[in-house]
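Hello,

The structure we talked about is pasted below. My notes on it follow.

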Amino acid sequence: MNDGKAKKTVPYTVPIGPVHPALKEPVMFTFEMEGEVVKTVDFVPGQTHRGIEWMGMRRNPIQIVHLTDRICGICGIVHSLSFARAVEKIAGIQVPERADYIRTILHELERIQSHLLWAGVAAHELGFDSLFYLAWRVREQSMDLIENLTGNRVNYAIVQIGGVRRDISDDQRPLIEEGLAYYRGLLDQMAKVFLEDSTIRMRCRDHGLLSVDQARLLCTIGPTARASGLNMDVRQDYPYCAYGDLDVKATLPPGGAHGDVYDRIIVRLLEVGQSVDIIQQCLDNLPAGEILWEQKMAKILATCKKAEGEAIGRVEAPRGECMHYVRMDGNEAPASWKVKASSYSNLMSWIPMLEGEQLADIPIIVASIDPCLSCTDRVTVIREGKPGTLTKDDLTRLSREKTRRLLA
Amino acid sequence: MSETPHLTPQQIIDLYSAEFGIGLKEARINERGEGTQKRMSYDIWLRVDRNLLRPAIQKLIGIRFPHFAVIAGNDLGTEIELLYIFSVFYGAKFGEYMVTIGISLPKSDLSIPTITDLIPGALFSEREKQEFFGITVTGIPDGRRLFLPDDFPQGIYPWRKDETGIPPEMVKDLWAIDRPANRPAPPVPEKAPDAGEKTSEGETS
């Protein structure tokens, strides 16, 4: 403690990132800290920009459908569905009704596995690892179902322009019913474990706040927006696939929105139940018929080559609206292709959420919007001018110590 | 915020043509129905004079505060077209429309005013258009790059189709690249194409 001018003063700068080895889409955070409190937040995404749109503008639509499968490892169907729907709009391709329903069923299975994956990550960030194991174990049921229906756990390759590539056979229906019954029996238990736990409540209630006006102005979407009280859900607002025939309502936190981490947990858990209902409705009303507009790939391709125009394909991904803009000008490759993934719209909401929170709350708040990342990999803390390095383990430890302090 | 009642897509276009007249260069509605009931979804496309970008967006905000999705762009040769993609009336059951407001900029003058004072969430997309199309957004509160790395060359805009696009020498065909020479040897030696030479390390199979 020297007196004099060389004394370092607050705020301290804490960089976090840019790479987390386990999760996709790394991001670089810089926090200005005053003691334990976050004053300002800045972040730099784009650490793994792969130029997929550039690649797509040099490929034909059928190749791009399989490229879109690989945009995200968790949202395996939303990108291919958005892109295929945009191309179908341009080329005037009418998708068979049965294919619309199969697309919807897989879309919702994906939401179940994505939300449960998130629930596990959230529990882990809070230091509640038994719940993390539970969430990921029950997630396997949906992964097995997806594998049974598409052949793959990830990169489903189920969507084709003009329909889907695999039908749901009569033998597979009992398997889906069994999976739905499994989740129905489990939901109350999951909700109880998550929502009646006083520690989770203490860590999440009134942390990571995002008001409804902030959510609206920052263009937030999906469960993050709904937890702040914005009544928006593409499935409810803008009919596509089978949703025009179904009764889907945006899931808002019951009893009014706080816009905190806790509400984001509630919304996602309720949406798992909603997805189970939607799949059941689709199974009950599954129309018979073809699953592809055209079996011959060469003919699909020839139609796409002739197509001219522009369109937007839009779906409600597990994290919110996913949107593809495609413009075709009579060539093999599209003239323009813009992918707007859901996290693209949600990342800016981190800034109001994190400001004023504590260092130990960063992991759960960053994870609470379900970004395609959870980036707390390496932290350099500069205190008294001496840099020291915190690893991801240290940050998780800090978060867990806070849980224990609250328990004591 | 004054809330106008729910409008039909045609009523929205009528409002625009009444206010902007010949400044509204193109207006059309695309509709599509899917599923068994074929319930229609509506996409509204508006193309306006470049000076009318902000008034057109303010008009939309006056109708109902929209959700801003993204700015898409097209390189049309001598000009670049920017498409501001919004949706309005979310929250109404099957009542939401996509509204796309497009403007064209000649390549000699690629500057547009920012809209982040109206919709702060548009910042990401404006930063992205600056680095991917070489657009200058005047008044942008944060003009840094968004996705491209710091060492990416200046003056190259990946989505342009002219000489400022990605030059062929920047494209690495990954399929054509052999194992990097500066890496340590693999734990299991790669199989030699011909069995002629044998090393003395005893790595015989």
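To start with a helix: H6(A) bends by about 40° at Leu186(A), the bend at a residue being the angle between axes fitted to the seven residues ending there and the seven starting there. Helices here are DSSP runs of H or I with at least four residues, strands are runs of E with at least two, and both are numbered from the N terminus.

This is a predicted model, in which local features need pLDDT of at least 70, side-chain atom pairs count only at pLDDT 80 or more, and totals for chains, interfaces and linings use all residues. Residues are numbered from 1 along each chain as its sequence is written, while chains are lettered from A and ligands numbered from 1 in the order in which they are written.

Helix H6 of chain A covers residues 172–195. Its buried residues are Gly179(A), Leu180(A) and Phe194(A). A residue is buried if 20 or more other C-beta atoms lie within 10 Å of its own, exposed if 12 or fewer, and partly exposed in between, with C-beta atoms placed from the backbone. The buried residues of H6(A) pack against helices H5 (129–150), H7 (198–204) and H11 (261–284) of chain A.

H11(A) also meets helix H4 (residues 97–126) of chain A: their axes come within 9 Å and cross at roughly 155°. Axes are lines fitted to C-alpha atoms, for helices over the stretch in contact, and angles run from 0 to 180 degrees between N-to-C directions. H4(A) and H11(A) are therefore roughly antiparallel, a term for angles over 145 degrees. Residues making the contact include Tyr101(A) and Trp118(A) of H4(A), and Arg268(A) and Cys282(A) of H11(A). Two residues are in contact if their C-beta atoms, placed from the backbone, lie within 7 Å.

Chain A has 16 helices and 10 strands, and 52% of its 408 residues count as buried.

Between the chains, 37 residues of chain A are in contact with 38 residues of chain B. H4 is among the elements giving two or more residues to that side of chain A, and S7(A) provides the largest share, 4 residues.

Two cysteines have a positive phi. For Cys219(A), in the loop between H8 and H9 (222–227) of chain A, phi is near 60°. Cys219(A) counts as buried because 27 C-beta neighbours lie inside 10 Å. Cys241(A), in the loop between H10 and H11 of chain A, has phi near 45°. Cys241(A) is buried too, with 24 other C-beta atoms within 10 Å.

Regards

Notes. Expected span 1.5 Å × (residues − 1). Parallel < 35°, antiparallel > 145°, perpendicular 65-115°, else oblique.
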